[in-house]
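Reader: I would like to go through this model feature by feature. Please give the general idea where there is one, and then the case at hand.

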Amino acid sequence: MKADKSAISALSSLIDSAEKIVVSSHTHPDGDALGSTVALVEYLRRSRGKDASGVICNSPGRDIAFICDGNGNITFHDSEPEKAESLIAGSDLLILLDCNGFSRTDSLESIFKAYSGRKVLIDHHMYPERDSFDLVFSETEISSSAELLYGILLRMDDVAMAPENLPAESAAALLTGMTTDTNNFSNSVYPSTLEMASGLLRAGVQRDAIIDRLYRSGSEDRVRMTGYMQWQRMVTLPSGAAYIVIRSKDIEEFRIVEGDTEGLVNIPLTIGNIRISLLLREDPAGYFRVSIRSKGDLSARELAAGWFNGGGHFNASGGRLYIGKDIASPDDAVPYVEKAIMEYLG
Ligand code: 5GP
Ligand code: MN
């Protein structure tokens, strides 16, 4: 990361002068969001002696829930709204991780927008909402928020560039977040990413245990469902696009739970001539969640921003397709996707 000494010392002073700190991240947290949150909360509590809590809008999927299992300091607004809101109201410093602003915090957005304490953003997405924060750490040429946070924590006086000085809980959560955001070291891997992995392994993080939890602890239902979706539902187009649309009735029939469809969007891209892949999943709240991945110099972000109310990274983006606004009924999702691809790829 770009080492900006004055920004690091400004963050350190904000931490020192805060009584209570809340760390938060984006809606439907992924491994990077949850891993970075746990890593920072544990650092603030164990190394800085602070009263720090993580507060995230919704509970994690089955695949990544282990990151905060048994950790009593992370609260989810969907399962404990009163506790979540009182933690925020009682805090005087808010640190938001892994999203470019409050617009990605769903049920917490209005609470955060009215927040009167100090606000810090630590993120690796494009277009950070700088005006909403007192201090911003934004870097896009980096694997993950976990890697950016690792760089910041290393530069704190008490860590002094030695990863073994991080609490073990933070070190493990950082490696987990970076591993999921790089899709296990296949995307967005920079020299600094491997340096981070090397530093954390030397500090004693058990990578095998993390890999077991992330990639070898799934359900049989999940393997059968992903196989079925690839075999029966994936549509490939001559333009080099592929898409899969998962409807509410599929979620019931295949017993899909949060986290089960994570990674499915990457599979069509393993086909040589497929350059962009979309996964749509119907959400009971009245929209389709959209994931988009692309290869090389074709932008996933442009498609997400232009047609799916979203954004993200150049090759990995997401958004939403609202039923009743963008499309009249869920049956219109497939024709909408085909039209969006045609307009985008020509
Ligand atoms: P995923 O497809 O894994 O849900 O998300 C991939 C990337 O797209 C992540 O970097 C995420 O932050 C971004 N993303 C996902 N959903 C949305 C969304 O609704 N709005 C915006 N702006 N970005 C999103
Ligand atoms: Mn991330």
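Reader: Is N309 buried or exposed, or in between?

Author: The model is predicted, and the answer is a computed one. N309 has 43% relative accessibility, so N309 counts as partly exposed.

Reader: Where does N309 lie, and which residues is N309 in contact with, leaving aside its neighbours within four places in sequence?

Author: N309 sits in the loop between α11 (300-307) and β11 (311-312). With those neighbours set aside, N309 contacts A304, G319, R320, L321, Y322, K325 and D326. As for V257, its C-alpha is 24 Å from that of N309, and the two residues are 52 apart in sequence.

Reader: Next, the metal. Which residues are the protein donors of the manganese ion (ligand 2)?

Author: The protein donors are D32 (OD), D98 (OD), H124 (NE2) and D181 (OD), at 2.2 to 2.4 Å from the manganese ion (ligand 2). Along the chain, the spacing of the donors reads D-x65-D-x25-H-x56-D. D98 belongs to the loop between β4 (93-97) and α4 (109-113), and D181 to helix α6 (residues 168-181), so this pair ties together parts that lie 83 residues apart in sequence.

Reader: Are D98 and D181 buried or exposed?

Author: Both D98 and D181 are buried.

Reader: D181 brings us to α6. How does α6 pack with helix α8 (residues 207-215)?

Author: Two packed helices are described by the angle between their axes and by the distance between those axes. For α6 and α8 the angle is about 50° and the axes are 10 Å apart. The two helices are therefore oblique to each other, and α6 passes α8 in a right-handed crossing. On the α6 side the contact is made by A172, L175, T176, T179 and T180, and on the α8 side by R207, I210, I211, L214 and Y215. These residues divide into 6 nonpolar, 3 polar and 1 charged.

Reader: At what angle do helix α5 (residues 145-154) and helix α7 (residues 191-202) pack?

Author: The angle is about 65°, with the axes of α5 and α7 11 Å apart. Angles of 65 to 115 degrees count as roughly perpendicular, and α5 and α7 are therefore described that way. The crossing of α5 past α7 is left-handed.

Reader: Which residues of α5 and α7 meet?

Author: From α5 there are A146, E147 and Y150, which meet S192, T193, M196, G199 and L200 of α7. The residues of this contact comprise 4 nonpolar, 3 polar and 1 charged.

Key:
Residues are numbered from 1 along each chain as its sequence is written. Chains are lettered from A and ligands numbered from 1 in the order in which they are written. This is a predicted model: local features need pLDDT of at least 70, side-chain atom pairs count only at pLDDT 80 or more; totals for chains, interfaces and linings use all residues. Side-chain values use heavy atoms; hydrogens and water are left out. Axes are lines fitted to C-alpha atoms, for helices over the stretch in contact, and angles run from 0 to 180 degrees between N-to-C directions. Helices (H or I, at least four residues) and strands (E, at least two) are DSSP runs, numbered from the N terminus. Angles under 35 degrees count as roughly parallel, over 145 as roughly antiparallel, 65 to 115 as roughly perpendicular and the rest as oblique. A crossing is left-handed if the near helix is turned anticlockwise from the far one by less than a right angle, and right-handed if clockwise. Contact means heavy atoms within 4.5 Å. Ala, Val, Leu, Ile, Met, Phe, Trp, Tyr, Cys and Pro count as nonpolar, Asp, Glu, Lys and Arg as charged, and the others, Gly among them, as polar. Donors are N, O and S atoms within 2.8 Å of the metal (3.2 Å for Na, K and Ca); water is not among the atoms, so sites may look incomplete. Buried means under 20% relative accessible area, exposed over 50%, partly exposed in between (1.4 Å probe, protein chains only).
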